[in-house]
Every structure is written in structure tokens, then in C-alpha cells.
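Welcome! Let us take a friendly walk through a protein model, one part at a time. Keep the 3D view open as you read.

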Amino acid sequence: MCGIISALSYENNVSDSLISALSRLEYRGYDSAGIAYLDENSQLQRIRTVGKVQYLRNAVEKSNINSCIGIGHTRWATHGKVTEFNAHPHVADGVAIVHNGIIENYQELRQKLVSEGYKFESETDTEVVAKLTASHIKSGKNFVDAFKHSIGELIGTFAIVAIYEKSPDTLLGAKKGSPMAVGISPDKKSAYIASDAVALSTLADELTYLEEGDIVVVTKGEQISYTIFDMQNNIVNRQKVLNKVSLTDMSKSGYETFMLKEIYEEAIVARRTYDSYKYDIDVSKFDNVSIIACGTSFYAGVLAKYWIEKYAKIPVDVEIASEFRYRNAVLRKNSLYIFISQSGETIDTLCAMRLVKENGMKTMALVNVDSSSIAREADYVIKTEAGVEIGVASTKAFIAQILSILIMFIGKENINIDAIEKAINSVLNAGFDFARIAKKLAGGRSFFYIGRGTSYPIALEGALKIKELTYVSAEGYPSGELKHGPIAIIDEDVFTIALAPFDQYFEKTISNTQEILARDGKVLLITTEDATASLGMFKNNANIECVFLKQNEDKYYPFALTTLIHLLAYYTAKSKGYDVDKPRNLAKSVTVE
Ligand code: F6R
């Protein structure tokens, strides 16, 4: 959450790099954006705007900036409302700071600084870091030492970068809990510190990821270079890795939005996941499996439970990471602990994984970003092959997650990838009139997504997608559970999306659908072509509409259903005129608890 970029250069156009990186980082938060830089007279300047990076870009373009050093930030608000005062960077006596994470002891530090005479202009936890550094400089420390001292006083999680107007050739960064990478441009004229590889995609080919407690000092002398200090203040060498994020990954490739592009990549992602899966894991040696994740990744885990128990006959628990880490869970010996995360940075999943490791268990991460914190800390890593996912709502990553798990537990040889690819493509190419259906759905007061068996996790995913994109409440339910309470909500303004392929559960979900229709609820039934003959009872019922998927093997229905519910959420949000790539209040990489 929150995107960070900073640059130190021999060229005087760092504002261009800052703004272009912030545009790429917008998926990390878009409540406000800002930059701070030293102008040609080494005076600290700051520009901040509320809302998307485009507003900041407009303001920066009017400012005619000549600067060799600067920092930038896109904010996902934690402490304090979405206002310009709360937008980063925060400043104090020539020091400017941007921050991702949460400073837990900020109240205490703030009181101390207020008693020293500092006045605060924001409600943020970040501003204390700027004031604290300024206060240490005032007491006689140089910029680097003042920063190191300040960082040592912070409790919480953070990635912070700082500049100071009396040290125009020094850029500083610190990492604890939130990711941070440093890189130098191929022409060696500029160095950057950023919150991820995406920010640096056009700027640096090689990156060094900081480790917990590291501080990086970037300096400009005869050449640009950086030195990394560990928690004990020793100079350390951290491994350099190639920045694999390319410009194509960052482009919409002709699609109107990233989300649509990413849904249309779902079949390719399935094929790539299958082709590149080379892991050899003997799952039979484990007595049970625990899957821990958040959001859409958690739903991939719920689906995995159905498959693993059915095909591999191993008992599976699936847990929400934020609950698992605090509920004094009893860890089981000889259990395979799997952590699923697209970003690899979700703090709850990361901390749950650390907890399992601390208890002496081995951990396996299923992650899409192999340079991420979760990937770097796990004992074993399975890289999902979704490619870069930019749309804030996760789509293609889910496909890569569920297929990777299916392969892991039943083996490639037992999977017909052609059938999966065909199933997804048949949805993408079916020519369903999504615009018309979406218009109908857009009138709903709320939604239920129901399903049984493996359709149930997809119902959960469908409900999450529609609520996060259309801001209407939606619940995913096992079809059989509606009558135990939720059916009280049903009336003519409630839409139920019933996921009922012609499998062993079909008849039962159809009965539940009838219970909804009997109470004037509206239903969109997603079923398969082979069910047509069994749907006579719905003839002439204006409250139900059916969408037919191609017939397939039962275990592949989740793939086609996923693509369908993703498109449905997409078009419903579009018909309401919402920004599907950046739904309100969200961010893609959730690095706060
Ligand atoms: C929903 C969505 C989120 C993420 C969740 C976990 O569309 O994107 O629910 O799935 O924040 O993120 P990762 O998978 O990065 O750990």
C-alpha cells in the first residue's frame, strides 16, 4: 500500500521519472499523490494533489521543474483523511519524507516533538519521521546519522525515503516490514529507491531488495553509488536481481482497461501456468494441508480444499491470514503450510508465514511476484505465472493460483490443459451480451452469489469482485445455506447469481433457485448447455435469465465460471461508470494490517 519512488541524478529532470513511476505505482493507492524535490538553488519544494496521479502530473507540468533529486508518493490513507495536508511528502526544516506502512508509536513521538516546539500540519503518522529527523539534525547530527537515529526510534512497519536540502547529493531509504528496492540506471547517471520493481520498470534493469532493518544511502560524487547498512549498522552486500517487469506488462495492449486485458489473458495464463510448472513436490508425505491467505487468494485456497480432499484425499484447512496469526492456532506437525498471495507483500499473509516458520515448520509460498517478501522468506516457492497484474481487483492471478494447486496435488498428467484453455476461451469468445445483462444487474440493491461444491468458492470470488467494483453489497453463499437466514433479504430488488453447471449438485442448486424465485427475487442462472432440457420449469418466468457455458469435465467448471463472473463484475461496474482499474478505497498491495 502506498507507492514510493525517489531519484538522485546527474540530470536535472528527475520530476519526469518521479511522475512516470507514480503513474505505474498508482495501483498501490490513489487517494492523493505528491512529490518533493530540491530546486536549482537547493531549496526544498513540494507539490501535492488529492486524487489520482494525473492531477499531480498536471500540477507538475505547470511548474517547470529543474531538479536532480526528488521523492514521490501515491497514498492509500491510513492515518488521517484524504486531504492535501495529509498527502505525502511531509516536511520539516528542509527534510522531506515519504512513507509506506504504519508507525505504531507515532503519538508518543509526536508529543515529544510538540514539546520541543514542532508544529504538525497533518494527522498522519508519517510527519513525525520528518520532524524527528529534523530534530536530530538540529541537535548536531549529519543527515545520514539523524535519519538512522530516527529510524531506530520507530516501532511499526515502514518503507521510508528522505531528502534534505543541505545534503543535495544524498538520498536515503529505510525498510522494515514494507518492501523497498534500489537500482541504478543503465547509463549510471541516476539512482532510484522505490517500493517495487514496477516503479523501476523503465528506470533500472538491475535491482537490490533491502532486507529487514536495512538502510540505504545513495550518494552522488564522481559517480552515483549506494551503500546498504544492516540493523547493526554494518555495511552489507545484498544480491542484485534482474528487473523482469517490462513495458509491455505495464501497457493495456489496446484494451480499454487493465482489468479487461487481464481477464482476456486468463486462457493464456492457464496455458503458461501448465507449461512452466516444473515443481516436483511429494504431497503424499503430508498428513494434512493448511492454506493461509487473504481475499481472492483465500478463495483460491477454499477451492483448493475441495479439489485436494476429493482427489488427493488429504484433509485441508483454509484460513484467513489476519485471523490465523492472532488466534493462537495449534500448529500441526507434518502439515504442509501453503501461503497464497498474488503480490507476495500482503502483510497478514507474510506475518502468518513468519509465525509458522518461527514454530519450526516449513512453509510453501504460492506467489506471483518472485522478488516479493513472501517469496524471499518462504522455504519453498511456487511461482504462479499470471504475469504482472495491474488492475486492483485480482483476476488472472486467481486462475494461475487454482491451476498451480490443482497440478501440485493431482499431477500434470491428470490435467487436460486443452480443455481448460478451451473452457476459458469459450467464455471470452461466446459473445454473451454482457452489456445488457450488466445493465440489468446494475439496478440491483444487493447481490447473492450462490453455488455448491467447487462452484461455492467461485460464488465467493464473484461476490467479492462485484462488491469491490460496483460498491453494492454482495454475499457469496453455499446454495444450501440461504434458507438459514439470508433468504430473508430476498425481494424483487435483490439479484442472485446462481452458479449451477450440470454436475452432481445441479438439481439442488436449482431447487434453491426456485426458492428465490418464489420470493420474487431475480436470478441470473449460470449453467451449462447440457442442462437445457432440465430447465423447463423456468420457461416464461421473467425473473430468471440463463447463461449457458459449454459442457466440460466437472473439475474444469471453476475455470469457465471464474472468467464469466470476472466479466460480469467488470461490465456491471462499467455500466455504472466506475473506474474498474482503481475501485475506491482500495489498493493492490496490502502492506498494512
Ligand atoms: C480482490 C483482491 C484482494 C486480494 C487480497 C490478497 O480482487 O485483489 O482481495 O486478493 O488483497 O492479495 P494478495 O493475493 O496479493 O496477497
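Which residues of H8 are buried? They are Thr296, Ser297, Phe298, Tyr299, Ala300, Gly301, Val302, Leu303, Ala304, Trp307 and Ile308. Here, buried means under 20% relative accessible area, exposed means over 50%, and partly exposed is in between, using a 1.4 Å probe and protein chains only. The names H and E stand for helices (H or I, at least four residues) and strands (E, at least two), which are DSSP runs numbered from the N terminus. This is a predicted model, in which local features need pLDDT of at least 70 and side-chain atom pairs count only at pLDDT 80 or more, while totals for chains, interfaces and linings use all residues. Residues are numbered from 1 along each chain as its sequence is written, and side-chain values use heavy atoms, with hydrogens and water left out.

The buried residues of H8 pack against strands E16 (288-293), E17 (316-320) and E18 (335-341), and also against helices H12 (396-410), H15 (455-470) and H17 (557-575). Packing rests on contact, meaning heavy atoms within 4.5 Å. Just after H8, lysine 313 takes a positive phi of about 60 degrees.

The domain assignment, which is automatic or from a database, gives domain 1 (3-242), domain 2 (251-415) and domain 3 (428-585). The C-alpha centres of domain 2 and domain 3 lie 25 Å apart. Where these two domains meet, 31 residues of domain 2 are in contact with 28 residues of domain 3.

How many residues does the largest nonpolar core have? It has 86, and Phe409 and Phe559 have the most contacts inside it. H12 gives the most to this core, with 12 residues, and the core draws at least three residues from each of domain 2 and domain 3. A nonpolar core is a set of buried Ala, Val, Leu, Ile, Met, Phe, Trp, Tyr and Cys residues joined through side-chain atoms within 4.5 Å. Leaving aside neighbours within four places in sequence, phenylalanine 559 is in contact with Trp307, Ile399, Ile402, Leu403, Leu406, Ile420 and Ile424. Apart from this core lies another, of 35 residues, among them Leu18, Leu22, Tyr37 and Ile65.

## A sheet of eight strands

Eight antiparallel strands form an open sheet in the order E3-E2-E4-E1-E10-E9-E11-E15. Strands E3 (44-50) and E15 (240-242) stand at the edges with a single partner strand each, so one side of each is left without a neighbour in the sheet. Neighbouring strands of this sheet are turned by 20 degrees against each other on average, direction ignored. Two strands pair if DSSP finds at least two bridges between them.

Five bridges join E1 (residues 3-9) to E10 (residues 190-194), and leucine 8 has alanine 191 in E10 as its bridge partner. Helix H1 (residues 14-25) packs on the sheet, touching E1, E2 (32-38), E4 (69-75) and E10, and its direction makes about 160 degrees with that of E1. Such angles run from 0 to 180 degrees between N-to-C directions, with axes fitted to C-alpha atoms, for helices over the stretch in contact. Helix H2 (residues 53-61) lies across E2, E3 and E4, at about 140 degrees to E3.

E9 and E10 pair over four bridges and form a hairpin with five residues between them. Lysine 188, in the turn, has a positive phi of about 65 degrees.

Seven antiparallel strands form an open sheet in the order E5-E6-E7-E8-E12-E13-E14. Its edge strands, E5 (90-92) and E14 (235-236), each pair on one side only. E6 (residues 95-103) and E7 (residues 156-164) pair over nine bridges, and isoleucine 97 has alanine 162 in E7 as its bridge partner.

Is serine 371 buried or exposed? Serine 371 is buried, with a relative accessible area of 16%. Serine 371 lies in the loop between strand E19 (363-367) and helix H11 (373-377). Proline 179 is 192 residues from serine 371 in sequence and 9.8 Å from it in space, C-alpha to C-alpha.
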